[in-house]
Amino acid sequence: MATGLREFLDIVGLSIGVSLTATTVGAAISLPIGTALAIFPFRGRRLLVVLINAFFGLPPVVVGLVLYLILSRSGPLGSLSLLFTPTAMVIAQTVLAVPIITALVHRASERAWARYGDELICDGASRIQAIPQILHIIRAELLTAVLAGFGRTISEVGAVILVGGNIRGLTRTMTTTIALQTSQGDLSLALALGAVLVGISISVSATVFALAGRARTAGSDEV
Amino acid sequence: MKFRSILALAAAIVAIESSPAAEQSIVLASTTSVEASGLLANILPRFTAKTGITVNVVAQGTGKALDTARRDDADLLLVHDPEAEKQFMDEGHGAARRQIAWNDFIIVGPSADPAHVRGGNDSVAALKAIASAQAAFVSRGDKSGTNAAELRLWKIAGQTPDALKEKWYRDIGGGMGQALNAASAMDAYTLSDRGTWLSFNNKGSLVIAVEGDSRLINRYDVIELSPQKHPGVKLATAKVFADWLVSTDGQQAIGAYQVSGKKLFNPSAAFPK
């Protein structure tokens, strides 16, 4: 029973760890890109923004399959031996998180740039220097964007089961455990773990909602 | 500052995650039944305690497991489809193939038994009866060893049910447990390996309908990969595990595994069936 509890905690820890890492890496990529997309005018920007928003609905199982083929030892990145490791799961979830975070950051940056862009330029800031300042202005929305990315990654099963392989003690997450327990007919165990997963994703969503509410109030104060 | 602490935490997580690579470990691509039945979870700690080697099990069904090995993504195979295995060996992918255990397939079905096949031991006659009664039948449809065994039985029965034309033949494209869940929910017949059946916890009204046919024997083999075709995989470490499975100690561990007082796998390395 004690080992069962430890294994359970390891699974919950791995799920949160992988998703948190993916969200962090995703945020590091998405924050500057999302804001830069709002600040720098260039040909094809509109199309790029449409594409990023379209990738909101990227099916996890397709992301998993493509990464499986890339990370396979007979694939282009095979020499890294990443297939069936937690790192592969982080990569897959990062791919899923980036479009969501980027799109949300872009939307908020666009509004902030329309309102403060001229001031920032007049103060002598270059467009590159304006990126951190815009990110500072939209910090409340940033948290919303990052948490939305986390919610997307912690709840998906299609990508992690393909590139992680659902290996006990190594790549077994909450969602893949639920899939496995269901397949063993252990529906009550699967449901219990499902409750934990729902608890985590509800907490994340509630936090997002509360923060988004505060951001809206703060925004209306300024206007 | 909050962002920085999250970054630090993420870096720590990455560091923890990448550490197991330093230990000795292999990837074992296996049929779903040796995992779903609980066999590997039961015997692996004994092997790891003895050798310090961690066996990472990717349970996929025999067809996919063989493909995973063909792509270089597994170090060792534990599978149960004699014909597909023979093809794998003929292609030169395997170096050695040894039987470790056997059990048998059974046909399970609803206790109401609409096709009147319960209690028999002729699997082919049972399939014919199910087809002519158009009683619901769940097929794995996933190129697994059990799926292959099922299709061989249909062939002997002179039938080729088409899931797109015949409503009673339901191809679910899933693992053994999913097939049993589906059969239980739809009051359907299905072919199952005995190990998964005995350890399955959602039987509903399902009961064993047909068993004891010599055509229902289910053999499990361990396959080591060819060093010529797969120089990148961990052949030496994989061999340690393969050798242990057929050793006295490994065979005893397999034979000792029971679920509710019933033995699931019969060790057979010394006398292959």
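Reader: In which sense do strand β4 (residues 94-110) of chain B and strand β8 (residues 206-210) of chain B pair, and over how many bridges?
Author: β4(B) and β8(B) pair in the antiparallel sense over four bridges, where pairing requires that DSSP finds at least two bridges between two strands. Within β8(B), B:Leu206 is the bridge partner of B:Pro110. Elements here are DSSP runs numbered from the N terminus, with at least four residues of H or I for a helix and at least two of E for a strand.

Reader: And what are the ground rules for the model and the numbering?
Author: The model is predicted, with local features needing pLDDT of at least 70 and side-chain atom pairs counting only at pLDDT 80 or more, while totals for chains, interfaces and linings use all residues. Residues are numbered from 1 along each chain as its sequence is written, and chains are lettered from A and ligands numbered from 1 in the order in which they are written.

Reader: Back to β4(B): how many bridges join it to strand β7 (residues 189-193) of chain B?
Author: Four bridges join β4(B) to β7(B), and the two run antiparallel; B:Ile107 has B:Leu191 of β7(B) as its bridge partner.

Reader: Over how many bridges does β4(B) pair with strand β9 (residues 217-225) of chain B?
Author: That antiparallel pairing of β4(B) with β9(B) extends over nine bridges, and B:Asp104 is partnered by B:Ile217 in β9(B). β4(B) is also joined by two bridges to strand β12 (residues 266-267) of chain B, again antiparallel, with B:Asn266 of β12(B) as the bridge partner of B:Trp102.

Reader: Switching topic, which domains does chain B have?
Author: The assignment, which is automatic or taken from a database, gives domain 1 as 2-103 + 219-267 and domain 2 as 104-216 of chain B. Their C-alpha centres lie 28 Å apart, and their contact takes 21 residues from domain 1 and 15 residues from domain 2 of chain B, counting two residues as in contact if their C-beta atoms, placed from the backbone, lie within 7 Å.

Reader: Which elements give two or more residues to the side of domain 1 of chain B that touches domain 2?
Author: They are α2 (32-36), α4 (62-70) and α5 (82-90) of chain B.

Reader: At what angle do the axes of α6 (residues 123-133) and α7 (residues 145-156) of chain B cross?
Author: They cross at roughly 80 degrees and come within 9 Å, the axes being lines fitted to C-alpha atoms over the stretch in contact, with angles from 0 to 180 degrees between N-to-C directions. α6(B) and α7(B) are therefore roughly perpendicular to each other, on a scale where angles under 35 degrees count as roughly parallel, over 145 as roughly antiparallel, 65 to 115 as roughly perpendicular and the rest as oblique. B:Ser123, B:Val124 and B:Leu127 of α6(B) make the contact with B:Leu153, B:Trp154 and B:Ile156 of α7(B).

Reader: Last one: how many residues of chain A are in contact with chain B?
Author: 21 residues of chain A are in contact with 26 residues of chain B, and α1(A) gives the largest share of the side of chain A that touches chain B, four residues.
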